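Please read this briefing alongside the sequence and the 3D view, which come next.

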Amino acid sequence: MWFLILLFLITSKPVFAQDASTSASTATASATATPAPRLFLQYQKDYLFNYDLYQQAYLKYTEKKQVYTKYGTITTQKDKFIAAIDAINARNKTLKSYLLALRVMLDDYKTTNPTETEKAQIELSKWEAWFNEQFTVVPALNNQDDLNNWITTFNINYVNVQQAIYTALVRNEVNLHQLTLNSLQQVAQDIKNNPDIKPESEQWINTLTVKSDLVSTSLGDAMSLTVKKNNQINKFDDFYSSAKISMTKANDYLREITTDLKLIVNKFYKK
Amino acid sequence: MNSDIPYQSLDLSNQNPLKVDDLSVSDSKKTKFAIPNDPKIKLLIILGGITFVLLVLSLIVTAFRSSRPTTNSKPIPNVITTPKPTEVIEDINNIPPDLKTKFDQIDQQNQTNINFPPPQIDPTIGQ
C-alpha cells in the first residue's frame, strides 16, 4: 500500500491555482520556450479579466460618488474615497496587464525591424514598472489632497502611456506589412529564377517596383505620425486614426502586388 | 413778252413747277420694296440672308443625316452582362506548388487584422 502511495506521489503532476496577477508578473517579453501567439493569448486573457474587474470597481465608485453628491456627509465622503482607491487600483492593474500583452504581441513580427520594435517594447516596460510601483503608492493614500496630487501626476503620465501604446500598435502593424512586402519581393525573385516560368515575366515583375515604393512610403508616413511633437507635451495627439489610413493604403497595395504576381505566374508558367 | 417761253398754266401739268413728277411717284411706288441706299441696312439685310440660308442648310443636313442608315453601328446587346471580379479567382491551378505555398502564406498575412485596442478608462476617478 505504501508502495502504491509513493508511486502515486511520484507520477502525479502538481496542480497550480490560476491567479491572473501572479501569472502576469512572472511573464517576460523574451520568453521563447512558448510560441509567441499562444503567450499573447494568455496575457490577453489576463488583461480582459482585469478589465472586467475594473469595470465593476468603477461602477461601484460611480454609485458612491452619486450618494456623496446627494447627501454630502462624512460617511459618504469616506465611502467615495475608498471606492475611488479601489477603482484606481483596478484601473492600474488593467493598464499594466494591457501594456504587458501589447509588449508580447510585438514579438510576433519583431524580426522585420528588431531595433525599433525593441525601443517600443522598452517604453512599454517602463510604464509597466511605473504602474507596478503604484500598487503600493495608491493604497497608502489616506486623504483627498494626496489623492488629488496623485491624480495630477497620473494625468501627466497617462499622456506618455497613450503615446507608448499607440506607437506600439502602429509599429506592430507596420512590421506585419513590411514582412509581407519582404515576402512578396522574395517571391518575385523566385519567379525570375524559376526555369519553368518564361523570361518574359521579368519585365512585368519589374513594373511592380512602383507599388512596392508606394507601400514603403505609406508605412513611412504611418511611422512618422508616431513622433511626438514638442507642443503636445501635456496633451495626447490622437494620431492613430491617421496612421491607420496610411497602413490600410499599404495593405491595399500589398494585395494588388499579390494579385499581379499570381497573374504573372499564371500566364507565364510552363506546365 | 417772249413767245418762246410757253405760257405757264397751272392746268398744264408739264409746266407746273409745283407739280409732283409722275415718274417720281411711280418710281417711289416701284421702289417701295426696293433696298434702301443706307449701307448699314444693306449689310444687315445681307447678314440676315446668310443666317437664314445657313439655318435652312443645317435643317436639311440634319434631316439628311437622320434619314441615312448608320453603317458602323454596333448591335445593342440583349444579355445583361455582369462585371468580372478584379480579384484573382482562387482556383488558379497554373502556379508551381512551392510558389503556391508562399502565396498562401502571403494571403494569410494580408488578411490578418490586428485588433487590440487599449482599454477605455476614466482618468478622473477620485476627483
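**Briefing on a predicted two-chain model**

Leaving aside residues up to four places away in sequence, Thr76(A) touches Val67(A), Tyr68(A) and Tyr71(A), where contact means heavy atoms within 4.5 Å. This is a predicted model, in which local features need pLDDT of at least 70 and side-chain atom pairs count only at pLDDT 80 or more, while totals for chains, interfaces and linings use all residues. Residues are numbered from 1 along each chain as its sequence is written, chains are lettered from A and ligands numbered from 1 in the order in which they are written, and side-chain values use heavy atoms, with hydrogens and water left out.

**Thr76(A)**

- Thr76(A) belongs to helix H4 of chain A, helices being DSSP runs of H or I with at least four residues and strands runs of E with at least two, numbered from the N terminus.
- Thr76(A) counts as buried because its relative accessible area is 11%, given that buried means under 20%, exposed over 50% and partly exposed in between (1.4 Å probe, protein chains only).

**Chain A against chain B**

- The contact draws 55 residues from chain A and 31 residues from chain B.
- Between them the two chains bury about 3,800 Å², 62% of it on carbon and sulfur atoms; buried area is the accessible area (1.4 Å probe) that two parts lose on being put together, summed over both.
- Two salt bridges are found across the interface of chain A and chain B, a salt bridge being a side-chain nitrogen of Lys or Arg within 4 Å of a carboxyl oxygen of Asp or Glu.
- A salt bridge joins the side chains of Asp107(B) and Lys262(A), at 2.8 Å from N to O.
- On the side of chain A that touches chain B, at least two residues each come from helix H3 (36-71), helix H4 (74-105), helix H6 (144-193) and helix H9 (240-268), and H6(A) gives the most, with 20 residues.

**Chain B**

- Chain B has three helices and zero strands, which follow the pattern α-α-α along the sequence.
- Of its 127 residues, 17% count as buried.

**Ile60(B) and a nonpolar patch**

- Ile60(B) lies in helix H2 (residues 39-67) of chain B and counts as exposed because its relative accessibility is 51%.
- Ile60(B) is one of the residues that make a nonpolar surface patch of about 1,200 Å², among them also Leu43(B), Phe52(B) and Val56(B).
- Such patches are made of residues with over 30% relative accessible area and no salt bridge, with nonpolar side chains (Val, Leu, Ile, Met, Phe, Trp, Tyr) joined within 5 Å and like charges within 9 Å; accessible areas come from the Shrake-Rupley method with a 1.4 Å probe, and for residues only the protein chains shown count as cover.
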